Amino acid sequence: MIYNTLTRKKEVFEPLHPGHVGLYVCGPTVYGDAHLGHARPAISFDVLFRYLTHLGYKVRYVRNITDVGHLEQDADEGEDKIARKARLEKMEPMEVVQYYMNRYHENMRQLNVLPPSIEPMASGHIIEQQQMVKRILQNGYAYEKNGSVYFDLKKYSETYPYGKLSGRVMDDLMTYTRELEGQEEKKHPFDFALWKKAGPTHLMKWPSPWGEGFPGWHLECSVMSTRYLGEEFDIHGGGMDLVFPHHECEIAQSTAALGKSSVRYWMHNNMVTLNGQKMGKSLGNAVSLEEFFTGNHPLIENAYSPMTIRFFILQAHYRSTVDFSNPALQAAEKGLERLFNGMRTLEKLKPAAQTTGWSNTEFRDVCYAAMNDDLQTPLVISQLFEAVRYVHSVKAGTESITASDLEELKSLFKTFAIEILGLRPEESGFSSRLPADLMDLIIRLRSEARKRKDFTTADEIRNKLEKLGIILKDSKEGTEWEMKE
RNA sequence: GGUCGGUUUGCCGAGUGGUUAGGCGCUGGUCUGCAAAACCAGUUACAGCGGUUCGAAUCCGCUACCGACCUCCA
């Protein structure tokens, strides 16, 4: 059962083709480092992807990379975001794209977000986008003006309900119109560009029947989703801020071109706030994932591991806003530590003749029920903690468990914590500067031993470390260490 | 102004009308050379007002406050 933004209700999920699921999620525009806001949909839909796969569906998960389009400002002032950044840094547009895409992928890997099945790029689908523009023109829902093609919303709304996803009414849009510069070409202010004429200084442009230009804001998702998932497919996901206008325009384009809106279930994750405030570049509080992982940002008190971020996000339901703050993250860090600690204890548990006070069946049923009810990951996590408490009780001797129940419990942990929620113990709780701090501690203790003339201890430390591949170098200034090559 | 969502215990954060979400923190106890971890016990709230109901944090209405979107945004 999943919540469908279109109907604003939870609906039973039934795939179009039994056993197969087509999933499309709006990916990042690669003109800057990924921030916290990018982690939310990536993780939320990663869990959906993992869970559907776990249930036995063959899932084709498409997540795009936006590397063209997306005007910076209004129409003719507009400059491609990628192109703008490229000019600023004197790089080739594709160089910028590659650079930030690599960094995005690295961040996703750290968060244990599985790579999608297909990761199409907008620049690789210019032909297809032009074809869709042609179809929309042929069907009479678009018009050409000075080398640009615009979507005719007025015409469209006479036949189809524009605004059905976001709950917007066409008349209201007509009434509440903001005066923007450079809108003269459009018949109506809310018409949006399908194809935009490129100026002479524009870096990324392609030839088309309407002249040199580039595709409009919303076209790539309509094109690439149907290209890889079919004209009708199961789930389209993305951030709530994309509901209007992005996804509304997608629906309009697909409907105008194909006669149907393509998507059966719309899923939207809620926003991330930082200390109760919306995160945004203009507010100066956009913290990149890199900065979270290293703790290198004024608003961040210490480094938070990628798993802490993932765990924290999953502790809230994906349709609720989640507020990042240092106390909340520190609490999550400790909670995650407790969870992993419990999992390690579980591995070492000794079985007994009987199981007291625990039901694997109930544990499993509650977890599945939670996941089936619109991905209630917080409830699954609370169940995991219940299990952790039981595990520790067995360790402490107040409870006991049989060998077969123990094996099943291990398997359930593996399924829910690792496989479905994607929590990865090995990277937990270690900040990137931990090794340095550890070495400082060891060196300090050894220095004290040397001062006491306790050279036995000091030499033992140095020799043992050398066997571990760490060389200590004593000098007048102090002791330095390095890794043996 | 329009559309939508939220207001839960010290903090974060779930909640399908009746029975303890969970985590962090705090208090007391057990264990321990000390500490940590762990275990046991305690910390039981639902913005305000009205309504429906045998019974509401949960449904309905109003009020207050907060937020998102309406412009690129995950």
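In strand 13 (322–324), the residue that stands opposite Val-272 is Val-322. The model is a predicted one, in which local features need pLDDT of at least 70 and side-chain atom pairs count only at pLDDT 80 or more, while totals for chains, interfaces and linings use all residues. Residues are numbered from 1 along each chain as its sequence is written, and chains are lettered from A and ligands numbered from 1 in the order in which they are written.

The open sheet that contains these strands has three members in the order 12-11-13, with mixed pairing. Strand 12 (277–278) and strand 13 stand at its edges with a single partner strand each, so one side of each is left without a neighbour in the sheet.

A second open sheet has four strands in the order 4-3-9-10, with parallel pairing. Its edges are formed by strand 4 (58–63) and strand 10 (263–269), each of which has a single partner strand, so that one side of each lacks a neighbour in the sheet. Neighbouring strands of this sheet are turned by 20 degrees against each other on average, direction ignored; axes are lines fitted to C-alpha atoms, for helices over the stretch in contact, and angles run from 0 to 180 degrees between N-to-C directions. Strand 3 (residues 20–25) runs parallel to strand 4 and is joined to it by six bridges, and Leu-23 has Tyr-61 of strand 4 as its bridge partner. Helix 7 (residues 219–229) lies across strand 3, strand 4 and strand 9, at about 155 degrees to strand 4.

Helix 10 (residues 306–314) packs against helix 1 and also meets helix 11, where residues are in contact if their C-beta atoms, placed from the backbone, lie within 7 Å.

| Helix pair | Axis distance | Angle |
|---|---|---|
| Helix 1 and helix 10 | 10 Å | about 70 degrees |
| Helix 10 and helix 11 | within 9 Å | roughly 100 degrees |

Helix 1 and helix 10 are therefore roughly perpendicular to each other, given that angles under 35 degrees count as roughly parallel, over 145 as roughly antiparallel, 65 to 115 as roughly perpendicular and the rest as oblique. Their contact involves Ala-39, Arg-40, Ile-43 and Val-47 of helix 1 together with Ile-309, Arg-310, Ile-313 and Leu-314 of helix 10, and its residues divide into six nonpolar, no polar and two charged. In this classification Ala, Val, Leu, Ile, Met, Phe, Trp, Tyr, Cys and Pro count as nonpolar, Asp, Glu, Lys and Arg as charged, and the others, Gly among them, as polar. Helix 10 and helix 11 are likewise roughly perpendicular; here Met-307, Thr-308, Phe-311 and Phe-312 of helix 10 meet Leu-329, Ala-332, Glu-333 and Leu-336 of helix 11, a contact with six nonpolar, one polar and one charged residues.

RNA strand B is surrounded by 54 residues, of which the closest are Gly-37, Gly-239, Lys-278, Gly-335 and His-392; a residue is near a molecule or strand if its C-beta atom, placed from the backbone, lies within 6 Å of it. Among the elements that each supply at least two residues of this surface are helix 1 (36–54), strand 9 (233–239), helix 8 (243–258) and helix 11 (326–347), whereas helix 13 gives the most, with 11 residues. By class, the surface has 22 nonpolar, 20 polar and 12 charged residues.

Two backbone details remain. Phe-244 and Pro-245 are joined by a cis peptide bond with omega of about 0 degrees, and Pro-245 is placed in helix 8. Arg-8, although not a glycine, has a positive phi of about 55 degrees and lies in the loop between strand 1 (2–4) and strand 2 (9–11).

Notes
Two strands pair if DSSP finds at least two bridges between them. Two residues are in contact if their C-beta atoms, placed from the backbone, lie within 7 Å.
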